[in-house]
There are 2 protein chains.
Amino acid sequence: MAHDAPLSPLAPSTTPEIEPLDGVRFAAGAAGIRYAGRTDVMLAVMDEGATVAGVFTKSKCPSAPVDWCRARLKGGKAKALLVNSGNANAFTGKTGAEQVKFSAKLAAAATGARENQIFLASTGVIGEPLDASKFEGVLDDLVKQARADAWQDAARAIMTTDTFPKLATRKATIGGVEVTISGMAKGAGMIAPDMATMLSFVFTDAPIAAEALQAMLSKSVQRSFNAITVDSDTSTSDTLLLFATGAAKKRGAPKIEKATDKRLLEFKQALDAVLLDLAHQVVKDGEGARKFVEVTVTGADSAKAAKKIALSIANSPLVKTAVAGEDANWGRIVMAVGKAGERADRDKLAIWFGGARVAFKGLRDPDYNEQEVSDIMKRQEIVINVDLGLGEGAATVWTCDLTKEYVAINGDYRS
Amino acid sequence: MAHDAPLSPLAPSTTPEIEPLDGVRFAAGAAGIRYAGRTDVMLAVMDEGATVAGVFTKSKCPSAPVDWCRARLKGGKAKALLVNSGNANAFTGKTGAEQVKFSAKLAAAATGARENQIFLASTGVIGEPLDASKFEGVLDDLVKQARADAWQDAARAIMTTDTFPKLATRKATIGGVEVTISGMAKGAGMIAPDMATMLSFVFTDAPIAAEALQAMLSKSVQRSFNAITVDSDTSTSDTLLLFATGAAKKRGAPKIEKATDKRLLEFKQALDAVLLDLAHQVVKDGEGARKFVEVTVTGADSAKAAKKIALSIANSPLVKTAVAGEDANWGRIVMAVGKAGERADRDKLAIWFGGARVAFKGLRDPDYNEQEVSDIMKRQEIVINVDLGLGEGAATVWTCDLTKEYVAINGDYRS
């Protein structure tokens, strides 16, 4: 079972303390979805309601809860979020959609909300019917127990093969009033017969209209959750929701209607920071990960081209096994640049590992120092820079190494 | 060193005997490029000349020999092929191009050909300058020693981390005259700091014009070498050359000018068979491979969509580790279909492992028999079928499983 896995060597040394955020309460419970002896259901209650924005997996075979949330986003209003681990409710056909509706009905009844104000996410096994009646016994209690300071409990209840709970928080001011953005995520994990799944839920007390929230979230995700990869496999369940309770309005924060509002400057930076922090934690808990890898591509024809090349490097099994082997194998970087399909000129290419240039103008760098680079590759965080020498396009993505433990976690559990 | 690796468990039980093919002679020698105690240079001499066609890596950072061959193809005529293992002459800048030209000059002098009738390929380390003067000492001897029956020696000299030589042969008739197509390949291999590299050289005695040869090769490769993947990483050096010596003309074979010539029907089938045979051998010698996997996608919107989905499945680390773990993890197949980006309807999807249907109409198959499927997954050859239920598009691709040995081969050699 996943939870017996040792703590990732890349785990942060301390879990951040998350202060209560006005307007949202959390509770975790054990509904017996799949696991024994742990919590597997998380309820977030926004008693006064919240505006909401979301981004979801681009999979053409999304899970039933993803379908549900996408449709509910149009309303732009949320009163509760119900999440379970242990069962992804994906590839469960009509039954899956029915169980989603039933879950929403139960959560609506327990919280006094309308069904279309209930947001849902599930993570775990694929292809197993989810029995939503299991929520029936726990929901009323969860609503009663929900506390503003139960962030840790909530973050733990949504874990699957994660080895540590993922939390992040930042502050910003809007119109001179301090607001908070805090969030949680679960990362890449596998539960037979499941796959990597990423869920993240972020909350703010800032009073921001759903449309503005959505615009900021869609932009911010490009440089955080959409810029990480563990194994290039996209889940059917990826869900990132951002809720704004607006409770800071009572403290004088102005209500913001447009994402272009100048007063959002600090908020946007804080949102970027929270999402990036959580995204990095997801990578650092990647299956079998022993090294955290940052790949920055500059000098590309466009930012889009730069990101495609950076992801080609970050997803390459040969690059990732080289990092695992602490081998400054820049030939494989050249290979990954070449296969990305974007314009590249090998005679203008330069490559750095940890700031040491290893290749320059299509040749091994004349000043290449084997010992220096070898020491760099022993680090726990590896920075790879590639300059294409063509244009102004730049992008950074993050990944982890590919180790035998990854294969063991994903291939050995039945043998 | 790669050659100490144990024979792939998927290796064919016998190496095919390749009969002499009129018009081409082979020799292998030890030029000391990198390896000790083995051959590392292969020369094929076509004394009367040959027409030639080729397909190459789509990498934007191709090796110097790839550049050379691409340019030479325009002439459509070949007299010799010089291949070395141990050094890929990739990412070697101007020096690389100069060494290629020097190699061609040496081979031209030794064989009495013009430089632009010399074809070249290199496989091995990236970023190390290739010292072509090493060919100088061996080329005259190789020309003298070259024999029509030295196929095995030739196939061994081009190996890097391959665990067995790859040869295939088929016969066909053109205008009632028997002709032969025989070829060799080297597969996925890694030599520090190198990457997977695929080379294949195919010869026929049929008298076929270069243009017709190119049209047939470009088509045939789509269903063979372009339909296999070991780890999704595209080499800078991939080279497939097809030479037609035309020697069968002396036995009455008609000279063929157009690929649309009806008399090529059998020849095309034989060419397809040779390329597919070699391509399968490359997969069966994939690094760390223990299982050979065939993925067929049907019912897609188009053949192109089917192939994209099939490759998404075949390249998915989570699918490949599941196969390694003998786990019929169809949830991961759904994931890989979903991430391919082509139209899919989860409620029409059906999935089979080894002929046993495991998922149907967006649900686990009601007749799913755990024991039956578990036995199927223990086989050495795994067949995965996916029907999308949308259209007539179909495609088949081949891959191997992803094992801890793959990570070890590519990540451990420096540690």
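## Exercises on a domain interface

Domain 1 and domain 2 of chain A together bury about 1400 Å², 60% of it on carbon and sulfur atoms, where buried area is the accessible area (1.4 Å probe) that two parts lose on being put together, summed over both. The model is a predicted one, in which local features need pLDDT of at least 70 and side-chain atom pairs count only at pLDDT 80 or more, while totals for chains, interfaces and linings use all residues. Residues are numbered from 1 along each chain as its sequence is written, and side-chain values use heavy atoms, with hydrogens and water left out.

**Exercise 1.** Locate the two domains and describe their contact.

*Solution.* Begin with the bounds, which come from an automatic or database domain assignment: domain 1 of chain A covers 2–284 and domain 2 covers 292–411. Next, take the C-alpha centres of the two domains, which lie 32 Å apart. Finally, count the contacts (heavy atoms within 4.5 Å): 16 residues of domain 1 of chain A meet 16 residues of domain 2 of chain A.

**Exercise 2.** Identify the salt bridge across this interface.

*Solution.* Apply the rule, namely a side-chain nitrogen of Lys or Arg within 4 Å of a carboxyl oxygen of Asp or Glu; across the interface of domain 1 and domain 2 of chain A it finds 1 salt bridge. Then examine A:Glu381 and A:Lys284, which form a salt bridge with their closest N and O atoms 3.5 Å apart.

How values were computed
Chains lettered and ligands numbered in written order.
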